[in-house]
Every structure is written in C-alpha cells, then in structure tokens.
Amino acid sequence: MTDVNTVVAAAHRLNEEKQDEEALLVLIGMREKAIETDPERQNDPNLDVVYAEPTMGPLDDLKRIGKRIANRWSKELHSIACGNETKDAKEREALLNSINLGEAAVIAAVVTALISLGVGAAIAAPLAPLIVRKFIWPAKDELCIAWGEALEGNK
C-alpha cells in the first residue's frame, strides 16, 4: 500500500528540484518507460531513473509521454475539483480547501487525489507539482473556469 506522506514528501522535493515544467514532463516520461519494463517500480515515489536514449528514445518523445500523462490525469482531477459527482465530494472539498493554505497544501491534496485515482507513486510525485504549477496555482482565484480553458488549449 502506498504511503501518501512519502509521496507528498517526494512531490515537494521534486517541486523544489525541478524548476520548470519541461523537466517534470521528461521525468514523468522517463519514469513511465521504467515502469513499462518493471511494473513493480510504480509504487516508488523516489524512483531514480537515468536517461538512456537507446532504451528510452529521444528526450522529445519522453516529454510527449509526460505531457500525455499529465493531460490525462489533469482532466481527471478537473472533473473531481469542478464536477458535481457525489462520489468525489470528499476529494473536491480537500482540494479546494487546500488552495487557501498555500502551494504546499495544494500539492499534498493533488497527490492524495491522484493516488485515490490509482496513479502510482512514481508518477504521482512529479505529476502533482506539475499540475499545481501549470493548471491550479496560476488560476487559483477562478480555478474551475481557467483550468478548463487551459485543458482545452493544451490539446
């Protein structure tokens, strides 16, 4: 079972270490490739992968994989945060309440929501800060409207 606190700590570390979105996208792509060859690694939020072009392909391909994964899970989180499904009420409340507490709290809420959706810890750790940076934090005052517009423009 995944320890959410460990994933949150890894997400915060990656938020500090990876200062741009592209670095997070490449990391997500590299981790996805590593998980494809060894699925047991999906639950390691600190999964250490080293870029190897012969087995992973070009960096641009890894970035595209990372973007595809980020878009997929961002859409899922958007439907939770901005939808009206009763089954998502607890996650929606936690995510929206965390916005008033600051970026660290939002990252923690996103990690928790991603894990509840079945995202492995190795992907959830770099994905949470990316989603917060790209979709949530810049639009926190008009979250649902801006997030939905960003998703439409990110196709």
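I began with Arg72, and found its charged end over the ring of Trp73, 4.0 Å from the ring's centre. I keep in mind that this model is predicted. Next I looked for aromatic pairs, and the search of the whole structure gave zero.

**The core.** Which residues have the most contacts inside the largest nonpolar core? I noted Val110, Val111, Leu114, Leu127, Ile136 and Trp147, in a core of 49 residues. At least two core residues come from each of H1 (4–17), H2 (21–37), H4 (59–82), H6 (103–116), H7 (121–136) and H8 (143–153). H7 gives the largest share, with 12 residues. A reminder to myself: nonpolar side chains tend to be buried together in soluble globular proteins.

I then picked Ile136 and listed what it touches, leaving out residues up to four places away in sequence. The list holds Leu95, Ile99, Val106, Val110, Ile131, Leu143 and Trp147.

**Helix H4.** I checked the span of H4 next: its 24 residues reach 33 Å from first C-alpha to last, close to the expected 34 Å. Its buried residues include Leu62, Ile65, Ile69, Trp73 and Leu77. What do the buried residues of H4 pack against? I found H2, H3 (53–56), H5 (89–98), H6, H7 and H8.

**Ser74.** My last stop was Ser74, which lies in H4. Is Ser74 buried or exposed? Ser74 counts as buried because its relative accessibility is 0%, and the cut-off for buried is under 20%. Again leaving out residues up to four places away in sequence, I saw that Ser74 touches Ile131, Phe135, Trp147 and Leu151. Ile131 and Trp147 were also on my list for Ile136.

Key
Residues are numbered from 1 along each chain as its sequence is written. This is a predicted model: local features need pLDDT of at least 70, side-chain atom pairs count only at pLDDT 80 or more; totals for chains, interfaces and linings use all residues. Side-chain values use heavy atoms; hydrogens and water are left out. Rings of Phe, Tyr and Trp (its six-membered ring) pair if their centres lie within 6.5 Å; planes under 30 degrees apart count as stacked, over 60 as edge-to-face and the rest as tilted. A charge sits over a ring if NZ of Lys or CZ of Arg is within 6 Å of the ring centre and within 35 degrees of the ring normal. A nonpolar core is a set of buried Ala, Val, Leu, Ile, Met, Phe, Trp, Tyr and Cys residues joined through side-chain atoms within 4.5 Å. Buried means under 20% relative accessible area, exposed over 50%, partly exposed in between (1.4 Å probe, protein chains only). Helices (H or I, at least four residues) and strands (E, at least two) are DSSP runs, numbered from the N terminus. Contact means heavy atoms within 4.5 Å. The expected span of a helix is 1.5 Å times one less than its number of residues.
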